[in-house]
Amino acid sequence: MRTIVTTTVLALALATAVPSAWAFGMRGGPGFFAGPPGGPGGPGGPGGPGGPLRLLLAQMSPDQRQQVRQILIADRGAMRDTLKQLRAAHEALADKLFAAGPLTDADVQPQVQKIAALHQQLVEHGTQVMLKVRTVATPDQLAKAAATKQKVDQLRDQIQTLLGEPAGGDDDLPPPE
């Protein structure tokens, strides 16, 4: 039973922070709200490389892209600090989860709450950056990016329909020990 609880807590912790770390360009990744390949691209964004930022950048002139670059560079330090804290929080949680001896939910809750707060901070900060980026775009560019996003969303839905659920669903999970 303890193995199931430990595995569940670890999975939930990773599920909340890893996507956000990717979404904000972790380790030189694609950048704010870009998302991992095949993953969520951020608030309201399509999955896959690029996300909302790439959709908007595709509509912009070279001068506008340079303005966006300056916005992202100005925010890079704050984002890196938060990501560094998030990685440290994940390491601390993993150390607790894999340490010998009994472990309860109360033992890990402070770390889980810290991770959740850092995740929230990343999302809020990234949203503020995207709002700044939007001010560089014209209404026509925003409309074109929105239309492209809608097409990407439809394609993603079609792919999901074609592929369906994996055979066996949750039955593919290993049995508990």
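1. Start with the buried positions of helix H4. Val-108, Gln-111, Ile-115, Leu-118, Leu-122, Gly-126, Val-129, Met-130 and Val-133 of H4 are buried. Buried means under 20% relative accessible area, exposed means over 50%, and partly exposed lies in between (1.4 Å probe, protein chains only). Helices and strands here are DSSP runs numbered from the N terminus (helices are H or I with at least four residues, strands are E with at least two).

2. A word on the source. This is a predicted model, in which local features need pLDDT of at least 70 and side-chain atom pairs count only at pLDDT 80 or more, while totals for chains, interfaces and linings use all residues. Residues are numbered from 1 along each chain as its sequence is written, and side-chain values use heavy atoms, with hydrogens and water left out.

3. Now the overall layout. The chain has 5 helices and 0 strands. Read from the N terminus, its elements run α-α-α-α-α. The chain has 177 residues, and 31% of them count as buried.

4. Back to H4 itself. H4 covers residues 105–134, which makes 30 residues. From first C-alpha to last, H4 reaches 42 Å. That is close to the 44 Å expected at 1.5 Å a residue. The expected span is 1.5 Å times one less than the number of residues.

5. What does H4 pack against? Helix H3 (residues 62–97) packs with H4 at an angle of about 170°. Their axes are 10 Å apart. Axes are lines fitted to C-alpha atoms, for helices over the stretch in contact, and angles run from 0 to 180 degrees between N-to-C directions. H3 and H4 are therefore roughly antiparallel to each other. The cut-offs are under 35 degrees for roughly parallel, over 145 for roughly antiparallel, 65 to 115 for roughly perpendicular, and oblique for the rest.

6. The H3 and H4 crossing is left-handed. In a left-handed crossing the near helix is turned anticlockwise from the far one by less than a right angle; clockwise makes it right-handed. By class, the contact of H3 with H4 has 18 nonpolar, 7 polar and 5 charged residues. Ala, Val, Leu, Ile, Met, Phe, Trp, Tyr, Cys and Pro count as nonpolar, Asp, Glu, Lys and Arg as charged, and the others, Gly among them, as polar.

7. How many salt bridges does a search of the whole structure find? The search finds 3. A salt bridge is a side-chain nitrogen of Lys or Arg within 4 Å of a carboxyl oxygen of Asp or Glu. One of them joins Asp-140 and Lys-144, with the closest N and O atoms 3.4 Å apart. These two are 4 residues apart in helix H5 (residues 139–163), about one helical turn. Asp-140 is partly exposed at 45% relative accessibility. Lys-144 is partly exposed too, at 44%.

8. Asp-153 deserves a separate look. Lys-149 and Asp-153 meet in a salt bridge of 2.5 Å, N to O. Both lie in H5, 4 residues apart. Asp-153 also bridges to Arg-156, with the closest N and O atoms 3.2 Å apart. That pair lies in H5 as well, 3 residues apart. Shared partners join Lys-149, Asp-153 and Arg-156 into one network. Is Asp-153 buried or exposed? Asp-153 is buried at 15%, whereas Lys-149 is partly exposed at 25% and Arg-156 is partly exposed at 38%.

9. Val-152 is in H5 and is partly exposed at 28%. Val-152 and Gly-51 are 101 residues apart in sequence. In space they are 9.8 Å apart, C-alpha to C-alpha.
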